[in-house]
Amino acid sequence: MKKYLLICLLFPLFCAAQSKPNIIYIMSDDHDADAISAYGSKLIKTPNIDRIANEGVLFQRAFVGNSICGPARATLLTGQHSHKNGMKDNRTRFDGSQLTMPKLFQQNGYQTVIVGKWHLHTYPTGFDYWKILPGQGLYYQPRLIQMNGDTTTYPGYATEVITNEAIDWLQHKREQSKPFLLLLHHKAPHRYFFPSPKNIEAFKDRTFPEPATLYADTTGRGTAWKLQTMSILHDMKLSSDLKVDPAYLMDIPWLKPDSAEIAYYNSIINRIPVAERQKIKDIYAVRGKILQEQRPQGNALLKLKYQWYMQDYLATAASVDEGVGKLLDYLDNSGLAQNTLIVYTSDQGFYLGQNGWFDKRWMYDVSMRTPLMARWPGHIQPGTKNNTMVQNIDYAPTFLDVAGIDIPSSMQGLSLKTILKDPRARVPRSSLYYHFYEYNADHTVLQHLGVRTDRHKLIYFYTVNEWQLYDLKNDPTEQKNLIADKKYADVLANMKKELLRLRDYYDDHEKAGELQ
């Protein structure tokens, strides 16, 4: 400390630069709030992620505007909904020439860095340093593309590699006279859920509570529910998703994997380091033996698949928590913690068996809601819980505002800086807009848009002209569509007006059917 004060006396410009806050944004992939103990999860303990909430603020109602990986990342960069930044689905190439939040940080004296998952089909722009996974990346022996274009394979487990690379930049590569913006993007716990060897062992015998709607009959719930392919029972694969050796399944006709699933199984197993491969295969062999003995179908099979899904998903998430703990320890020990805003979130929520599903995409709260917490010593009151509705279009404006950088008018979100500092403050917004575009791809969820208020949600599946209306107070799991309930006629009329207003406000007038 004395050394730092001496430097400040001799070189005041150095200390002026250091007075600007550093920002570290950690985004996992598909980490649902129900898999974080700070949100009251009964599935897992996440003590390190919880530290951010306990020492800062926990947002209890944070949402996204398009629940899918690539578009959520583009929204982070631009502060815009998908129709404005051009990244509507996972197949589109992000236009890196447009104005982005990291470019504005660069122009204002910040070092900008991204390490980990990128998933935008183009190389990053606006960053002084980057190392990114190609595409979805690999859990074992991941490859990282560097700024010079070289791709290097790293020994070890992806979550640990990404964490270590971020800390290495902080420790050895940053210019200590400059503030920084660091985006640390994990692959985990994205499908296909493959834990580290330590956590495979730790979670292999655990049993988890089943969601109330795991076995729900989803027939008669409209065209979108009929067409979806995100059922744990029917669409989650035993070999590629749950690591069951295909040899155990070949003589069970209704479980027999196809050639593509077998090939994928072999590819992921063969990436495990040889020293650990057989032990991991032996652990997963237990699943194959159970299937051989029980030959389950229907709900009996769903019961098994759900438990195995939870074992793998949560074990994968546990490594993220460990990585967060390692980073927090580094910040504390290096003296960086005091002047650093650190944020933890996911690109969206994720189904953990509700309605018998996995994955995301829907406007229902399970996938529209995302975890969000932040720690900023001296600015955020520890242990704060905020119930304001916020959305991922707000992240870029917030970071700019925190850094004292002007927010461009092109950004559609609102700064949350005021409510970070004052739990009583509110943002001037009473509803959220949502638009999902990617139908003809994974999981076959129909395109839809909608509006969410504190109390109600209206969803319009515009390619089939079907509406859904939910009372979130009386039906928080969104099981009863009230669209034909005459008692809600006034609510429906007002929600349609609000949807039209938001569609105009956000200037979203591309093909979306007729709102009537």
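## Terms and basis

In the residue classes used here, Ala, Val, Leu, Ile, Met, Phe, Trp, Tyr, Cys and Pro count as nonpolar, Asp, Glu, Lys and Arg as charged, and the others, Gly among them, as polar. The structure is a predicted model, in which local features need pLDDT of at least 70, side-chain atom pairs count only at pLDDT 80 or more, and totals for chains, interfaces and linings use all residues. Residues are numbered from 1 along each chain as its sequence is written, and side-chain values use heavy atoms, with hydrogens and water left out.

## Largest cavity

A cavity is a set of points, on a 1 Å grid over the protein atoms alone, where a 1.4 Å probe fits but cannot get out; its lining residues have an atom within 4 Å of a point. Grid points are joined across faces, edges and corners, and a volume is the space filled by probe spheres set on the points. Three cavities of 30 Å³ or more are counted, and the largest holds about 90 Å³.

The lining of the largest cavity includes Phe 59, Leu 341, Asp 394, Tyr 395 and Leu 420. By class, this lining has nine nonpolar residues, one polar and one charged. Helices (H or I, at least four residues) and strands (E, at least two) are DSSP runs, numbered from the N terminus. With three residues, α15 gives the most to the lining of the largest cavity.

## Second largest cavity

The second largest cavity has a volume of about 70 Å³. It is lined by 13 residues, of which Gly 65, Asn 66, Thr 75, His 81 and Ser 82 are the closest to its centre. Two or more lining residues come from each of α4 (69-78), α5 (82-85) and β15 (431-436), and α4 gives the most, with three. Five residues of this lining are nonpolar and eight are polar, while no charged residue is present.

## Backbone features

Two cis peptide bonds may be noted. One runs from Ala 188 to Pro 189, with omega near -5°; the other joins Arg 191 and Tyr 192, with omega about 5°. Pro 189 is placed in the loop between β8 (180-185) and α8 (197-203), and Tyr 192 lies in the loop between β8 and α8.

Asp 30, in the loop between β1 (22-28) and α3 (47-54), has a positive phi near 70°. Asp 30 counts as buried (under 20% relative accessible area; exposed is over 50%, partly exposed in between; 1.4 Å probe, protein chains only), at 0% relative accessibility. Glu 478, in the loop between β18 (466-471) and α17 (489-505), also has a positive phi, near 55°. Glu 478 is buried, with a relative accessible area of 3%.

Definitions and conventions:
1 Å grid on protein atoms, 1.4 Å probe; cavity = no way out; pocket = protein on both sides within 12 Å on 5 of 7 lines; lining within 4 Å.
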